[in-house]
Amino acid sequence: GSRAPLLVFTGGDPMRRPDLKDLVRYAADAGRFVALTPSGTAATSWPITRLFTPSTCMTWKPEDPQGNESAKIRWELVEYTTGQGLDLGCGAWKAFPHFIGVDNYTDTKLFGVEMKPDVVSDVTKLSVFGSATMDFVYSSHCLEHVENWQGALKEWWRVIKPGGYLILYLPDEDEYPKVGEPHANEDHKLNVSIPLIVDAMKDIG
């Protein structure tokens with residue numbers, strides 16, 4: 001099917017536009033994907049990400065453009081996803097065709113999302129894949145739906161070759177409604193932060 005148009009803010013430093021927040025909200029409401037390509041200036045530091053409040057820009061609906069989260073960052077993945085690898089919880093859209101999509105049809109059951117994963121499996125039980133057989137494992141907006149998320153991370157790490165990559169694209173708890181808050185995804189089991197994931201990976205070794 002057709003894909004929503006992409007609106008790119010670039011030229012100099014779009015972060016300095018006082019109306020940037022309003023423009024992004026307008027484009028998102030019109031069903032457009034939005035990307036920023038700012039210059040590398042002090043304005044691109046971490047606090048600038050807080051321009052967009054969770055209640056206005058991160059409310060999750062499967063029919064909205066953000067339903068295909070991987071489309072927002074797919075070109076950022078290229079450096080880390082050569083060779084053979086998995087797209088865990090791929091849903092209806094694998095990030096790239098060569099990824100091996102793994103899903104258990106949960107979104108089909110919950111939201112009626114049609115999908116055709118390459119492998120039908122619970123992403124926490126990857127026994128069909130041998131240890132150290134994958135060059136990379138990628139997962140977008142999946143881990144926060146898993147009860148035993150630490151066990152899932154351990155299993156995902158198991159199948160990656162030494163020197164391979166685990167790429168996680170997750171909603172940060174500071175940029176997305178937390179579990180139980182208004183506008184939050186009702187299926188979320190976990191509030192994600194970078195320190196939380198880093199500490200969990202340290203425990204895994």
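**Questions on a predicted model**

Biologist: At 9% relative accessibility, does H188 count as buried or exposed?

Modeller: In this predicted model, the relative accessibility of H188 is 9%. The cut-off for a buried residue is under 20% relative accessible area. H188 falls under that cut-off, so the word for H188 is buried.

Biologist: Where along the chain is H188 found, and which residues is H188 in contact with, leaving aside neighbours within four places in sequence?

Modeller: H188 sits in the loop between strand 7 and helix 6, the latter being residues 194–204. Leaving aside the neighbours within four places in sequence, the contacts of H188 are E144, H145, P171, Y176 and V179.

Biologist: How many cavities of 30 Å³ or more are there, and about how much space lies in the largest cavity?

Modeller: The count of cavities of 30 Å³ or more comes to one. H188 is among the residues that line the largest cavity, together with others including E144, P171 and Y176. The lining also includes E173, P177, K178, L190, N191 and V192. The space in the largest cavity is about 50 Å³.

Biologist: Which residues are the closest to the centre of the second largest pocket?

Modeller: The second largest pocket has a volume of about 720 Å³. It is lined by 34 residues. Of these, the closest to the centre are G89, D103, D107, H141 and H145.

Biologist: Which helix gives the most to the lining of the second largest pocket?

Modeller: The helix in question covers residues 106–111. It gives four residues to the lining. That element is helix 4.

Biologist: What is the phi of Y105, and where is Y105 found?

Modeller: Y105 is not a glycine, yet its phi is positive, at about 70°. Y105 is partly exposed, with a relative accessible area of 28%. Its place is the loop between strand 4 (100–103) and helix 4.

Biologist: Which residues is P117 in contact with, leaving aside neighbours within four places in sequence?

Modeller: P117 lies in the loop between helix 4 and strand 5, and at 12% relative accessibility P117 counts as buried. P117 and G101 are 16 residues apart along the chain, but their C-alpha atoms are separated by 5.0 Å. Leaving aside the neighbours within four places in sequence, the contacts of P117 are C90, G101, V102, D103 and Y105.

Biologist: In what order do the five strands of the open sheet stand, and is the pairing parallel or antiparallel?

Modeller: Five strands form an open sheet in the order 5-4-3-6-7. Strand 5 (119–120) and strand 7 (160–169) stand at the edges with a single partner strand each, so one side of each is left without a neighbour in the sheet.

Biologist: Which residue in strand 7 is the bridge partner of F136?

Modeller: Strand 6, residues 134–140, runs parallel to strand 7 and is joined to strand 7 by six bridges. In strand 7, the bridge partner of F136 is Y165.

Biologist: About what angle does the direction of helix 3 make with that of strand 6?

Modeller: Helix 3 is made of residues 70–77 and packs on the sheet. There it touches strand 6 and strand 7. Its direction and that of strand 6 make an angle of about 155°.

Biologist: Why do the buried residues of helix 1 line one face of the helix, and within what arc do they fall?

Modeller: In helix 1 (residues 20–29), the residues L20, V24 and A27 are buried. Seen down the axis of helix 1, the buried residues line one face because they fall within a limited arc. An α-helix has 3.6 residues a turn, so residues three or four places apart point the same way. The arc of the buried residues in helix 1 is 65°.

Biologist: Which residues on the other side of helix 1 are exposed?

Modeller: The buried residues of helix 1 are L20, V24 and A27. On the other side of helix 1, the exposed residues are Y26 and D29.

Biologist: How many helices and strands are there in the protein chain?

Modeller: From the N terminus on, the elements run β-α-β-α-α-β-β-α-β-β-α-β-α. The totals are six helices and seven strands.

Notes:
Residues are numbered from 1 along each chain as its sequence is written. This is a predicted model: local features need pLDDT of at least 70, side-chain atom pairs count only at pLDDT 80 or more; totals for chains, interfaces and linings use all residues. Side-chain values use heavy atoms; hydrogens and water are left out. Two strands pair if DSSP finds at least two bridges between them. Helices (H or I, at least four residues) and strands (E, at least two) are DSSP runs, numbered from the N terminus. Contact means heavy atoms within 4.5 Å. Axes are lines fitted to C-alpha atoms, for helices over the stretch in contact, and angles run from 0 to 180 degrees between N-to-C directions. Buried means under 20% relative accessible area, exposed over 50%, partly exposed in between (1.4 Å probe, protein chains only). The arc is that of the directions from the helix axis to the C-beta atoms. On a 1 Å grid over the protein atoms alone, a cavity is a set of points where a 1.4 Å probe fits but cannot get out, and a pocket is an open set with protein on both sides within 12 Å along at least five of seven lines; lining residues have an atom within 4 Å of a point. Grid points are joined across faces, edges and corners, and a volume is the space filled by probe spheres set on the points.
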